[in-house]
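Work through these exercises with the model open beside you. Try each task before reading its solution.

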Amino acid sequence: DLYFSNMKLPAFIKESMKGTSKWKMKRTGYSKEGIPPRLDLVKTLKQGLARRIATGSKRFIDDIDLRYKHFTKHPFPVKQATMILLMDISGSMGEFEKTLAKKFFLLLYLFLNKVYKSVDVIFISHTQVAQEVTEHEFFYGTETGGTIVSSGLQMAKDIIDSRINLNETNVYISQASDGDNWAGDEKLSVSLMEDLLSKVQYFAYIQTEEASRKERKAQYGVSDIMTLYAELETTHRNLKAKHVCQEAEVYPVLRSLFEDD
């Protein structure tokens, strides 16, 4: 409870989450008993007038004339949520980078299961090709290969388009990578991100790499996934991207991405 206190899926897009239904009060006619704020003056005066005409009474308002607005609780459907976890498992992701990514995703997964009842989690791993995997395969798989980020983004898009009704479900994506990508994949990745950001409620990205590697890339102006996402971040409020360069940063970064403001 303490570990995940004050953490929520971003407040500016939350619709529903806890449970599968909520209750709202709905008008269902009138009652002869109720509390003063619910007294319907017009209905009460009409009732008093009808009584005086029918009985010849001169008493303007009697207790039996009082009419209160009546409300009953009615359930209404609550939007469900789907979280897509997307991890780069290519050869450039060494054990250090993969360990940081998996620890981040493990904490995120525990957070979702602890705080929310109705979140479906979809696991996608990718190298130059992407595949939907099980929870066990996601955290313990040992596959490796080249890096084409668009393969993972494309699979996420295909899953949303083919399996998820966005009118009923809020979709979230969390992605982890070391930032490397095939040089010719940049344009397609940006296009897919633009499409995904128009559909998902929130997209959280972490780039796992050693601080020295991050500094060298900055020194020589090396473009990577963080470079692309940082540009998209300026025009899309539902995208946040953070670096994770050491194990001690995993939890603080998780909180910074999902802490309730």
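**Exercise 1. Find the strand order of the open sheet and say which strands stand at its edges.**

Solution. This is a predicted model, in which local features need pLDDT of at least 70, side-chain atom pairs count only at pLDDT 80 or more, and totals for chains, interfaces and linings use all residues. Residues are numbered from 1 along each chain as its sequence is written, and side-chain values use heavy atoms, with hydrogens and water left out.

Step 1. Read the order across the sheet. The six strands run E5-E4-E3-E6-E7-E8, and the pairing is mixed. Strands are DSSP runs of E with at least two residues, helices are runs of H or I with at least four, and both are numbered from the N terminus. Two strands pair if DSSP finds at least two bridges between them.

Step 2. Look for strands with a single partner.

Step 3. Check the twist. From one strand to the next it averages 20°. Angles run from 0 to 180 degrees between N-to-C directions, and axes are lines fitted to C-alpha atoms, for helices over the stretch in contact.

**Exercise 2. Go through the strand pairs: which run parallel, and which pair is antiparallel?**

Solution. Strands of a sheet pair through backbone hydrogen bonds, either parallel or antiparallel.

Step 1. Start with E4 and E5. They pair in the antiparallel sense over four bridges. Phe-123 has Val-133 in E5 as its bridge partner. Three residues lie between E4 and E5 in this hairpin.

Step 2. Move to E3 and E4. They run parallel, joined by eight bridges. Ile-84 stands opposite Ile-122 in E4.

Step 3. Take E3 and E6. Eight bridges join this parallel pair too. Ala-81 is partnered with Asn-170 in E6.

Step 4. Continue to E6 and E7. Six bridges link them in parallel. Here Tyr-172 faces Tyr-202 in E7 as its opposite residue.

Step 5. Finish with E7 and E8. They are parallel, with six bridges. The bridge partner of Tyr-205 is Ala-241 in E8.

**Exercise 3. Is E6 enclosed or open to the outside?**

Solution. Step 1. Count its buried residues. Nine of the nine are buried (under 20% relative accessible area; exposed is over 50%, partly exposed in between; 1.4 Å probe, protein chains only). E6 is therefore largely enclosed by the rest of the structure.

Step 1. Sort the side chains. Thr-169, Val-171, Ile-173, Gln-175 and Ser-177 point one way from E6, while Asn-170, Tyr-172, Ser-174 and Ala-176 point the other way.

Step 2. Turn to E4. Six of its eight residues are buried.

Step 3. Look at one residue in E3. Thr-82 lies in this strand. Thr-82 counts as buried because its relative accessibility is 5%. Beyond its neighbours within four places in sequence, Thr-82 is in contact (heavy atoms within 4.5 Å) with residues including Asp-120, Ile-122 and Asn-170.

**Exercise 4. Classify the helix pairs H4 with H5 and H2 with H8.**

Solution. Step 1. Take H4 (residues 149-163) and H5 (residues 186-197). They pack at about 25°, with axes 9 Å apart. H4 and H5 are therefore roughly parallel (angles under 35 degrees; over 145 is roughly antiparallel, 65 to 115 roughly perpendicular, the rest oblique).

Step 1. Among the contact residues are Leu-153 and Ile-160 of H4 and Leu-188 and Leu-192 of H5.

Step 2. Take H2 and H8. Their axes come within 10 Å and cross at roughly 50°. H2 and H8 are therefore oblique to each other. Their crossing is right-handed. The contact includes Phe-104 and Leu-108 of H2 and Leu-254 and Phe-258 of H8.

Note on methods:
Left-handed = near helix turned anticlockwise from the far one by under 90°.
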